[in-house]
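Please open the model in your viewer and keep the sequence panel beside it, so that each stop of this tour can be selected by chain and residue number. Take the stops in the order given.

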Amino acid sequence: MILLPETNWQAKRNRFNHDWLKNKFSLTLERAVKIAQERIEDDEFAAKFIQIALPEFEIEIQNARALIESFESSMSPRVLLDRKPLNRLDDCIRDWLAFVVHACWKNRIRVADLVEAASKRLEQAFAAFYRLRHCIDSKGGTLEGQQLVCCLPGLLAFRDACGELGTAISKFPSRILVV
Amino acid sequence: MISKILILDSNDRRKKIKETVKSLSCEINVVAIRSASEDVSEHGFGSVPHIALVHKNDLEPDVNGVTGIHDSVKLAIQSAKIVVAYTGGSGGLFTPTIRGKASEWMYQNSEHWYGVNCKVDSSEYDNPGMQEIVEWASSVSCSDEDLPRLLGYTTSVEFQTALSILCQGYLATEAMCNSRWTKYQPSDDFGKALIGMGWAAANGDLLELSGEVVDLGLEVKDDLAGIGFWLEPFDPEKTRDWKTVLERLRSHLKFELKREIPEAISDLLCAIEIVVQSDGDAANSRISPAIVARAFLFFYQEAMQART
């Protein structure tokens with residue numbers, strides 16, 4: 001089996017999707033949902049969620065956007081033509097091979113569909129975030145825990161949208177696929 | 001003999017791993033903790049042979065609010081015979097990567113760390129695979145020559161990769177230059193290869209090419225028939241001693257494949273050898289597209305099997 005080592009793109013995808021979204025932010029969101037559903041009380045956590053975790057999403061979502069946009073250029077097997085041993089080929093042949101493997105790869109794994117689906121999920125997560133942010137801001141002056149209770153539908157929608165975004169990003173191949 | 005296992009995982013995955021270990025032996029004392037900040041000193045990890053199974057993220061300094069790693073946890077991991085760091089991330093976790101991290105985190109036993117990709121919290125969890133790891137780590141030798149399958153090192157595959165790309169270039173050129181006169185059959189090896197690589201659809205349609213790309217393909221067509229196309233990438237010193245280069249290619253492929261070279265690849269190498277021996281004789285200087293197609297299909301089928 002041809003299995004190539006991890007690339008920078010994969011490392012960045014792992015950091016965003018696995019390390020941050022799934023194993024950090026989602027857990028934070030779940031706790032916020034429990035507070036909003038009044039299953040637990042934790043005003044301190046609610047305050048941190050609103051003041052720290054939510055602003056962090058705005059930064060991280062930019063990383064997700066960059067990931068999606070750079071997928072085609074970073075993960076195409078075309079990049080292998082610039083590395084040994086194929087970089088020893090004549091330039092003209094390399095240009096042709098680069099075109100062939102890139103065009104085949106795009107067609108084979110439906111790159112356009114993957115990018116479009118992930119971009120759509122990203123915009124939905126972003127929209128859900130702004131609706132939640134707006135809802136929370138409109139409840140200013142009350143305790144943070146109470147703000148979350150009032151914004152439960154928005155919080156649930158945001159949680160689901162983040163889950164869908166994670167799923168869409170996880171559908172990108174985890175390796176440079178030569179075949 | 002191992003008498004204790006430390007499991008560190010902030011998620012409920014630790015319960016599943018504990019079950020895996022317990023299903024092997026009731027005599028192993030399993031200590032499962034959810035945070036690296038917990039105190040495990042009472043379990044005496046520093047004085048008994050043990051292994052550690054840790055979720056990669058739970059050793060990161062700032063994940064999930066963990067602000068520090070308790071000295072007793074650090075000692076338990078540092079003195080472990082084997083440390084297995086696991087993740088469910090789709091990118092996987094390679095042993096060289098986690099060993100680099102272990103060194104960065106100042107663990108002295110980083111050469112005894114192994115990375116593994118196992119989706120513990122999903123239906124894809126490979127319970128027998130994890131059992132094999134625990135059995136191997138518990139064995140007296142636990143040598144690298146006898147690694148369980150989930151811990152296998154990723155070796156270089158640059159020769160296989162390069163060869164499969166050369167096959168694609170050759171087949172695409174062949175399809176582009178000949179499709180105007182002879183339609184390939186989607187059911188034969190050539191057609192199957194074009195479909196597998198994404199150059200053709202099952203209905204026989206080929207990729208639409210711009211005039212510029214067609215010109216480029218026509219420009220290199222004759223070069224692709226030469227021996228340099230197949231062997232130059234594997235001749236770093238530019239010796240053009242093709243017989244030696246071909247032998248080295250064979251040897252590297254065998255090493256990468258970890259077995260005898262399969263027939264489809266062997267046939268391609270023999271065809272290349274005939275071209276080398278023909279010494280410019282035009283009648284023997286062209287490799288049959290069917291042979292190249294079968295070689296490509298070998299790589300393709302291997303990849304498909306690995307993904308299912």
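Select strand β1 of chain B to begin: five of the five residues of β1(B) are buried, so the strand is largely enclosed by the rest of the structure. Here buried means under 20% relative accessible area, exposed means over 50%, and partly exposed lies in between, with a 1.4 Å probe and protein chains only. Both faces of β1(B) are covered, with K4(B), L6(B) and L8(B) buried on one side and I5(B) and I7(B) buried on the other. Strands (E, at least two residues) and helices (H or I, at least four residues) are DSSP runs, numbered from the N terminus.

This is a predicted model, in which local features need pLDDT of at least 70 and side-chain atom pairs count only at pLDDT 80 or more, while totals for chains, interfaces and linings use all residues. Residues are numbered from 1 along each chain as its sequence is written, chains are lettered from A and ligands numbered from 1 in the order in which they are written, and side-chain values use heavy atoms, with hydrogens and water left out.

Two strands pair if DSSP finds at least two bridges between them; β1(B) and β2(B) pair in the parallel sense over five bridges, and the bridge partner of L6(B) in β2(B) is V31(B). Strands β3 (residues 50-55) and β4 (residues 82-87) of chain B also pair in the parallel sense over five bridges, and there you can find L53(B) opposite V84(B) of β4(B).

Now select S10(B), which sits in the loop between β1 (4-8) and α1 (13-24) of chain B. Is S10(B) buried, exposed or partly exposed? Its relative accessibility is 21%, so S10(B) counts as partly exposed. The side chains of S10(B) and D58(B) are joined by a polar contact of 2.9 Å, a polar contact being a pair of N or O atoms within 3.5 Å, where within protein one must be able to donate a hydrogen and the other to accept it, and residues adjacent in sequence count only if both atoms are side-chain atoms.

With 13% relative accessibility, S278(B) counts as buried, and a polar atom of its side chain lies 2.7 Å from the backbone oxygen of V275(B).

The next stops concern backbone geometry. Most residues other than glycine have a negative phi, and most peptide bonds are trans. In the loop between α8 (227-231) and α9 (242-257) of chain B, select K238(B), which is not a glycine and yet has a positive phi of about 55 degrees. At 62% relative accessibility, K238(B) counts as exposed. R240(B), found in the loop between α8 and α9 of chain B, has a positive phi of about 60 degrees although it is not a glycine.

Finally, turn to chain A and select P85(A), in the loop between α2 and α3 (91-108). The peptide bond from K84(A) to P85(A) is cis, with omega near 5 degrees.
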